[in-house]
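Please read them with the structure open.

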Amino acid sequence: MPISRRTLAAAAAVCLALPLSACGSGGDGGGSTDASGKVEGDITFQTWNLRANFKDYFEGVIADFEKKYPDTHVKWVDQPAEGYADKISADAAGGTLPDVVNVSPDLVAPLAKAGLALDLDKAAAKYKKEYLAGAWASHRIPGMTGTYAFPWYLNTGPLFYNKSLFKKAGLDPATPPKTYDELFADALELAKKSDGKVATLANVPTIEDFGRYGVELMNKQGTAFTFNDAKGVQMLAKYKELYDAKALDPQALTATPESSGRKFLTEAVAMNPGSALDLGNFKKQAPNLYKNIGITDQITSTGHVNMYVMGVMVNSKTKHTPAAVAFAHFVTDAEHQMSFAKKVAIFPSTAGSLDDPYFTKEDGTDETRVRIAAAKSLKNAVNYTPVLFSEQMKTALRNEVAKALQGKESPKAALDNAVRQCNTLLQQQG
């Protein structure tokens, strides 16, 4: 499948509910944290809906690994996107989890809690320096020590903005907003100058927005969400101000990425996240918009943009720890991440890779324009989505945000209610 920023966002939203009773369910034992022995044995590698488009790539990686380590054999299995979390949960409970597994941070959390994910800070610490710090940290679990998957491919998206709309509002199109305070000020000005006809944003704030605003999303122990603090309330109150002034699109409460894209296409919205594919559509469908497109970083008041991340986990119960760790590292090393990134619109998580000319040198194409902008921001990006934040929790937050924007609850009451619901769901996860 094409791996887009939105695909990764959706993938990262899947929640895995794994009972802690699965702990120690790795068949008849086995398992070792020592990865220093001989790399040998038969292992199974599971990916997440990648065979259809990347069969030759993965078969090549496996062949190269087996050539390097002739006493190994890697069996590759690929699972469909639909039901992937349920499949992992069933395998974990049944003791049939593969040796090496493609995961997102939220999928690895319950496996780590159940003792089924190998702690790489213990078993593979020598590799840590090969990866971007933010990417390595993305598979840590609040309340636990350790890192439970190798970071694999990353994604993020810059923001598109309409220079013409900024100019009409008397704003400098060469200096789009970078922080939330700048965004709020510019958005109110755009709405005022257009008599409410032009909104700046088409989406309500998500948990990632609260993170980029600088809100402390969760306590250090991982036992409670905390995004209802003074800063969180301040941010939601600002969004309420935008909503009332029509600086936030009136249909933002029910917006989808597709509907937001259409709003931007018709110049009813001044800023929107997007991809090279969107730029191509603008070129065909809205040439006037296309010639006025600006590309800027995501809005952030912390200095760090948000990234989505995929990982490769090693089953702690594998009978061939050295081979499983070696293969997980092989798949995610700089050479293989770079070759994969050239086949699909993703970014490597390895240190130094984003300095490659492929991510820095313009060639006049839209695809390269967007790739360079995204790669630049990824070097110190953070995965703001808490690994314990489930799809149900996202729905709870979205519903309470909607009530605040509509004036049915105060921003404080809305966030208090959202945190209460999320903490209840957190306790139910075990």
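**Notes on helix packing, sheets and confidence**

1. Start with the contact between two neighbouring elements of the chain. Phe330, Val331 and Thr332 of α14 touch Ala334, His336 and Gln337 of α15. By class, this contact holds 3 nonpolar and 3 polar residues, and no charged ones. Keep in mind throughout that the model is predicted.

2. Next, the geometry of that pair. Helix α14 spans residues 321–332. Its axis and that of α15 are 5 Å apart, and the packing angle is about 45 degrees. α14 is therefore oblique to α15.

3. Helix α15 also meets α2. Here α2 covers residues 51–68 and α15 covers residues 334–341. Their axes come within 12 Å of each other and cross at roughly 165 degrees. The cut-off for roughly antiparallel is over 145 degrees, so α2 and α15 count as roughly antiparallel to each other. The crossing of the two is right-handed.

4. Which residues in α2 and α15 meet? On the α2 side they are Phe54, Tyr57, Phe58 and Val61. On the α15 side they are His336, Ser339 and Phe340. The contact divides into 5 nonpolar and 2 polar residues, with no charged ones. Note that His336 is listed in the contact with α2 and in the contact with α14.

5. Strand β1 takes in residues 41–48, and strand β3 takes in residues 100–103. The two pair in the parallel sense, over 2 bridges. Look for glutamine 46: its bridge partner in β3 is valine 101.

6. There is also an open sheet of 3 strands, in the order β6-β5-β7. Its pairing is antiparallel. The edge strands are β6 (271–273) and β7 (293–296), and each pairs on one side only. The twist from one strand to the next averages 30 degrees.

7. How many bridges join β5 to β6? There are 3, and the strands run antiparallel. Strand β5 is made of residues 159–162. Tyrosine 161 has methionine 271 as its bridge partner in β6.

8. Last, confidence. The mean pLDDT of the protein chain is 90, and 92% of its residues reach 70 or more. Residues 1–29 are another matter: the pLDDT there is below 50. In the model this stretch still has 87 contacts beyond near neighbours in sequence. Where pLDDT is low, predicted coordinates should not be read in detail.

How values were computed
Residues numbered from 1 in each chain as written. Predicted model: local features only at pLDDT ≥ 70, side-chain atom pairs only at ≥ 80, totals over all residues. Heavy atoms only, no water. Axes fitted to C-alpha atoms, helices over the stretch in contact; angles between N-to-C directions. Helix = DSSP H or I, 4+ residues; strand = E, 2+ residues; numbered from the N terminus. Parallel < 35°, antiparallel > 145°, perpendicular 65-115°, else oblique. Left-handed = near helix turned anticlockwise from the far one by under 90°. Contact = heavy atoms within 4.5 Å. Nonpolar A, V, L, I, M, F, W, Y, C, P; charged D, E, K, R; others polar. pLDDT = per-residue confidence, 0-100. Pairing = 2+ DSSP bridges.
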